[in-house]
Amino acid sequence: MGTSIVGLGMTELGRVYGRSPRRLAADAVRLAAADAGLALGDLDGLLVSHGMGGSPGIELADTLGLRDLRLLALVNSYGATAGAMVSYAAMSVLNGSATTVACVFADAPLKPEQSAGSAYNRSSREWYGFGGMTAALGLRSVNSHYALAAQRHMARYGTTSEQLGAIAVATRAWASGNPLAQMREPITIEDHQASRWVSEPLHLLDCCLVSNGAIAVIVTSAGRARDLARPPVHLWGWGQGHPGHRKERGSDFGLATGAAASGAAAMKMAGITTADVDVCELYDCYTYTVLVTLEDYGFCAKGEGGAFAASGALGPGGSLPTNTGGGQLSAYYMWGMTPLSEAVIQARGDGGQRQAPSTDVILVSGNGGILDHHSTLVVSPHEKGA
């Protein structure tokens with residue numbers, strides 16, 4: 001028996017105001033259930049995740065009026081959560097703990113008349129231990145830590161800013177075909193180079209958007225999926241990797257990520273190699289994370305991610321269509337639900353202008369913390385072994 005994603009619910013995304021994360025999450029679950037042709041009462045499992053605001057929690061079940069659930073939990077491994085939730089839901093279905101599980105993420109960090117850059121302001125954070133030392137040295141933001149990681153990769157392998165820019169340009173080209181994308185105007189390498197520094201070597205166009213909204217998916221058995229409203233997206237494999245980088249001499253921080261372990265585990269479960277993958281939907285909080293993830297998954301050799309991106313492989317018409325909806329860089333930032341939702345859209349053939357030519361095997365990644373956590377899913381429109 002296999003498992004499948006049978007419902008996808010997406011609220012309005014971007015500068016959406018007037019609804020709390022809990023209300024957004026409830027709307028997304030309702031949309032996902034309707035998409036699947038299910039009633040809310042058919043759900044017997046609910047997995048919830050949230051952004052930095054701390055809501056929604058498991059009280060979402062009461063908001064939705066769900067009763068007699070057999071599975072209810074708040075899950076958090078930051079950007080790796082979406083992949084983790086789907087794998088936990090699939091395992092629960094396989095072992096009989098639940099039959100039909102909704103997985104939802106919601107966040108609303110944007111406020112009216114407030115810049116996107118201030119949405120994740122962590123100035124009030126209490127610094128202590130080794131983290132306090134790095135803060136004293138000026139590393140006070142997520143941007144600065146990822147900039148340090150990118151700089152390490154550049155120093156070791158000669159990766160260039162223009163190669164990172166090639167990822168931003170390819171992703172924006174995909175976004176131009178996505179009516180839900182926040183940023184659809186095409187950009188060039190020159191635009192990338194001219195965009196302001198956020199934290200050197202990361203330009204503004206190397207960094208993801210900030211969005212309000214919610215996305216939910218519903219997981220059930222492949223057998224039940226055959227009788228539901230929409231084409232099922234079958235789960236072939238999953239894996240996680242939590243490297244726990246040492247911030248000391250000899251650390252591989254910036255050079256390697258949990259994608260190596262989680263990708264290998266997911267592809268082994270799915271019975272595939274990178275040569276079988278038609279589309280990648282990768283967690284692109286920064287252009288750099290796409291580059292290093294491609295290397296750690298094995299699509300190119302370590303240190304050659306920059307050249308691979310600059311070859312045009314990732315954009316429309318390329319050999320490895322990647323982030324076909326515009327990703328977090330250009331479409332919307334719903335943490336790991338951004339790549340997962342686009343994988344479902346592509347597997348169903350619902351991509352419209354941005355539909356990839358082949359979607360038999362789609363690889364989905366999640367990345368959380370500062371390269372601390374990683375999840376991978378392998379999905380397909382076909383049942384495994386069919």
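Author: In this predicted model, a helix is a DSSP run of H or I with at least four residues, and helices are numbered from the N terminus. Helix α9, residues 259-270, is followed by G271, whose phi is positive, near 75 degrees.

Reader: What makes the buried residues of α9 line one face of the helix?

Author: Buried means under 20% relative accessible area, and A259, S262, G263, A266, M267 and A270 are buried in α9. Seen down the helix axis, these residues fall within an arc of 125 degrees, so they line one face. Their cover includes β8, α10, β10 and β11.

Reader: Why are α6 and α10 called roughly perpendicular to each other?

Author: The term applies to angles of 65 to 115 degrees. The axes of α6 and α10 cross at roughly 100 degrees and come within 9 Å; the two helices are therefore roughly perpendicular. In their contact, L164, I167 and A168 of α6 meet T287, Y288, V290 and L291 of α10. These residues divide into 6 nonpolar, 1 polar and no charged.

Reader: Why does R67 count as exposed?

Author: Exposed means over 50% relative accessible area. R67 has 53% relative accessibility and therefore counts as exposed. R67 is found in the loop between α2 and β3. Leaving aside neighbours within four places in sequence, R67 is in contact with A61 and D62.

Conventions:
Residues numbered from 1 in each chain as written. Predicted model: local features only at pLDDT ≥ 70, side-chain atom pairs only at ≥ 80, totals over all residues. Heavy atoms only, no water. Axes fitted to C-alpha atoms, helices over the stretch in contact; angles between N-to-C directions. Parallel < 35°, antiparallel > 145°, perpendicular 65-115°, else oblique. Contact = heavy atoms within 4.5 Å. Nonpolar A, V, L, I, M, F, W, Y, C, P; charged D, E, K, R; others polar. Expected span 1.5 Å × (residues − 1). Buried < 20%, exposed > 50% of the residue type's maximum accessible area, 1.4 Å probe, protein only. Arc of directions from axis to C-beta.
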